[in-house]
Amino acid sequence: MLQQTTVKAVAPYYLRFTEKFPTVQALASADRDDVLAAWAGLGYYSRARNLHACAQAVVALGGFPQDVQGLRALPGIGPYTAAAVAAIAFGVPVVPVDGNVERVTARLFAITDPLPPARKKLAQLAMTLNADSEAQERPSDFAQALFDLGSSLCSPRAPACGLCPWHGECAGYKQGIAAELPRKLPKAERPVRYGAAFLAQDAAGQILLRKRAEKGLLAAMTELPGTDWRLEKWNKEDILHAAPFVADWQHAGRVKHVFTHFTLYLDVYAVRVQHFSNHSVSDGFFGARRLRKGHGTAFCYAKML
Ligand code: SF4
């Protein structure tokens, strides 16, 4: 849950999620749509799908694997998570390498090669950080101390080297280049995509929704019907051609959303109708009532069309 966000933002989601699914077994036996609904608002929905699949794999195995290799084989578990769980939960002497640990390593060894190409080299060097016997004996404490060092003293812009227990051995500090490490290749410009979404509401307050495809971006998520998201701008005629039914669609505004790999401009067209069934709505759509709950918006699947 904490990927790309802060503890403060995640805390209420975490509490609600663990209350709803208090055990691995409860999560494994839950309906996937319920898991996705509990995740709604956190973004990166493949994590929710993977977490659900992972819980099912753990239940099928009869418990959590306790080494890096076994953890790595679970759905959605990459090298960082496998190493973090192995070190923190099971006392395996490995170093989990996240962005903070990468930065500390680049500075300790004064690695000036830019990211992302330097990532492999930094991961190999990070594996040597726990070489001394005390670190080997306390893998969980060592991993968490390293995370804390990276998120506090060894901060991205202004490392507090004078307070750092490693400043005597830190090559980046000695060379006076710590604050500028790790170097990064310039970012490629983010492409822009365009699309349109259709907001149809009936007299009972239901909104017309559909489910996205099982694979690809935002897989299996509930969404407003709409056009493809493409690099070329849409004209109004083509947009209205993609509407779920013929009606007096009115342009209601434009939404901008920045994904990691593209920026999306979505023109929203809206209409109010008496009842969806009076219109020739194709299969795959459903009406849902909107509920305001906590910080998020939930949809009550009131009635299939
Ligand atoms: S001495 Fe400075 S740059 Fe080196 S690890 Fe410590 S805080 Fe980071």
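Contact here means heavy atoms within 4.5 Å. The model is a predicted one.

1. Surroundings of Glu223. This residue is found in strand β3, which comprises residues 222–223. Leaving aside residues up to four places away in sequence, Glu223 touches Leu209, Arg210 and Arg212. Its side chain makes a polar contact with the side chain of Arg210 at 2.8 Å, and the side chain of Glu223 makes another with that of Arg212, likewise at 2.8 Å. Because the cut-off for buried is under 20% relative accessible area, Glu223, at 15% relative accessibility, counts as buried.

2. Packing of α7 with α10. Helix α7 (residues 99–108) packs with helix α10 (residues 139–151) at an angle of about 75°, the axes being 8 Å apart. That makes α7 roughly perpendicular to α10. On the α7 side, Asn100, Val101, Arg103 and Val104 take part, and they meet Leu146, Phe147, Leu149, Gly150 and Ser151 in α10. By class, this contact has 5 nonpolar, 3 polar and 1 charged residues.

3. Geometry and burial of α6. Helix α6 spans residues 79–90, 12 residues in total. From its first C-alpha to its last, α6 reaches 15 Å, close to the 16 Å expected at 1.5 Å a residue. Which residues of α6 are buried? They are Ala82, Ala83, Ala84, Ala86 and Ala87. The cover over the buried residues of α6 includes α5 (68–72) and α10.

How values were computed: Residues numbered from 1 in each chain as written. Predicted model: local features only at pLDDT ≥ 70, side-chain atom pairs only at ≥ 80, totals over all residues. Heavy atoms only, no water. Axes fitted to C-alpha atoms, helices over the stretch in contact; angles between N-to-C directions. Helix = DSSP H or I, 4+ residues; strand = E, 2+ residues; numbered from the N terminus. Parallel < 35°, antiparallel > 145°, perpendicular 65-115°, else oblique. Nonpolar A, V, L, I, M, F, W, Y, C, P; charged D, E, K, R; others polar. Expected span 1.5 Å × (residues − 1). Buried < 20%, exposed > 50% of the residue type's maximum accessible area, 1.4 Å probe, protein only. Polar contact = N/O pair within 3.5 Å; in protein donor to acceptor, adjacent residues only side chain to side chain.
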